[in-house]
Amino acid sequence: MNSMLSIKGLHFSYQNSPILRGIDLDIPSGSIFGYLGKNGAGKSTTIKLLLGLLPIDEGEIFFKGVSLKKSPLLLRSHVSSMIEHPSFYSFLTVSENLDYLNKIFKMGKSRKQEILSLLGLSEHANKKAQALSSGLKQRLGLAMCLFKRPEMLILDEPLNALDPQGIYELRQILRQLNEEEGVTIFLSSHILEELEKLASEVAIIDCGKVIYQGDIDGLTKNHSDVISLKIDNTDRIMQLNYASIFSVKQVDAPNFVEFEVKDEEEFSRLISSLSKDGISIYNITHKSSALENAFIHLTK
């Protein structure tokens, strides 16, 4: 797969304190690329360097093989971004915000209707932007980004301040943009569970260095999900020696037990075994994902 964006040996320091220490990244065209890291690892700094908002100390950035040192405005012509908060004119309506963009990019009136429909904003078109919910403001921010038909979308923590319904809706929109519109998406987030559902490729940055880059399966293959079960009695788990068949992580007598499961098939076998052995299950909680466990292991 061809690279949409490549970063080679990127360094950046602030007041003589190194933030990025020679990172390399390769974002494939047509991918949803997840960029993971703890707070302060350098995620937002990377994005600001990509967008030309900070000066590069050392290294180079290539867009579709062309160095941004030679063509510094190339990225702005093909890429849109939303950093931390959506950008729009709060005193204008949703429709007026898009009309303003149309005066700049001259995409035609049909583009506004297309974008309103794509982002589920048609029924909110005449509402003032400042009156929208957090989820709808995120949608409007995306609409502003997508109006000019960018080839790539760079998003920094787009799931912040969204409730579970808003996160679900935004996830569906990003999938649709990627699968139906062919938009390459570079997505920085600390919500690992959502990135696991969205991203095809991930990179993990820690202390200013990229410590993993590749597909999620390659990252999680040696790690498991952790499932917590509330059952009628943990004594039965011990009596039937479940630890010889499944990975028992922890037993909290008398009602709670944790298992590590590698995949849905193993989870299904576990539930079937508990039912067959007459062990009642009152509650199932997904405590941590394989991606989360891999991330913790790498950044510990």
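Which element gives the largest share of the lining of the largest pocket? That share, five residues, comes from strand S6. The structure is a predicted model, in which local features need pLDDT of at least 70 and side-chain atom pairs count only at pLDDT 80 or more, while totals for chains, interfaces and linings use all residues. Residues are numbered from 1 along each chain as its sequence is written, and side-chain values use heavy atoms, with hydrogens and water left out.

On a 1 Å grid over the protein atoms alone, a pocket is an open set of points with protein on both sides within 12 Å along at least five of seven lines, a cavity is a set where a 1.4 Å probe fits but cannot get out, and lining residues have an atom within 4 Å of a point. Grid points are joined across faces, edges and corners, and a volume is the space filled by probe spheres set on the points. Helices (H or I, at least four residues) and strands (E, at least two) are DSSP runs, numbered from the N terminus.

The largest pocket has a volume of about 520 Å³. Its lining comprises 21 residues, with Ser-80, Ser-81, Ser-87, Met-144 and Cys-145 nearest the centre. At least two lining residues come from each of helix H2 (74-78), strand S6 (79-83), helix H3 (94-105) and helix H5 (134-146). By class, this lining has 14 nonpolar, five polar and two charged residues; here Ala, Val, Leu, Ile, Met, Phe, Trp, Tyr, Cys and Pro count as nonpolar, Asp, Glu, Lys and Arg as charged, and the others, Gly among them, as polar.

The second largest pocket holds about 340 Å³ of space. Of the 17 residues that line this pocket, Asp-225, Val-261, Lys-262, Asp-263 and Glu-264 lie nearest its centre. Six of the lining residues are nonpolar, four polar and seven charged.

The largest share, four residues, comes from H6.

Turning to helix packing, H3 and H5 pack at an angle of about 15°, with their axes 10 Å apart; axes are lines fitted to C-alpha atoms, for helices over the stretch in contact, and angles run from 0 to 180 degrees between N-to-C directions. The two helices, H3 and H5, are therefore roughly parallel to each other (angles under 35 degrees count as roughly parallel, over 145 as roughly antiparallel, 65 to 115 as roughly perpendicular and the rest as oblique). Val-94, Asn-97, Leu-98 and Leu-101 of H3 meet Leu-140, Ala-143 and Met-144 of H5, where contact means heavy atoms within 4.5 Å. This contact has six nonpolar residues, one polar and no charged.

H3 also packs against helix H4 (residues 109-118), at an angle of about 135° and with the axes 10 Å apart. That angle makes H3 oblique to H4.

Two backbone features complete the picture. The peptide bond from Ala-253 to Pro-254 is cis, with omega near 5°, and Pro-254 sits in the loop between strand S12 (247-252) and strand S13 (256-261). Gln-15, a residue other than glycine, has a positive phi near 50°.
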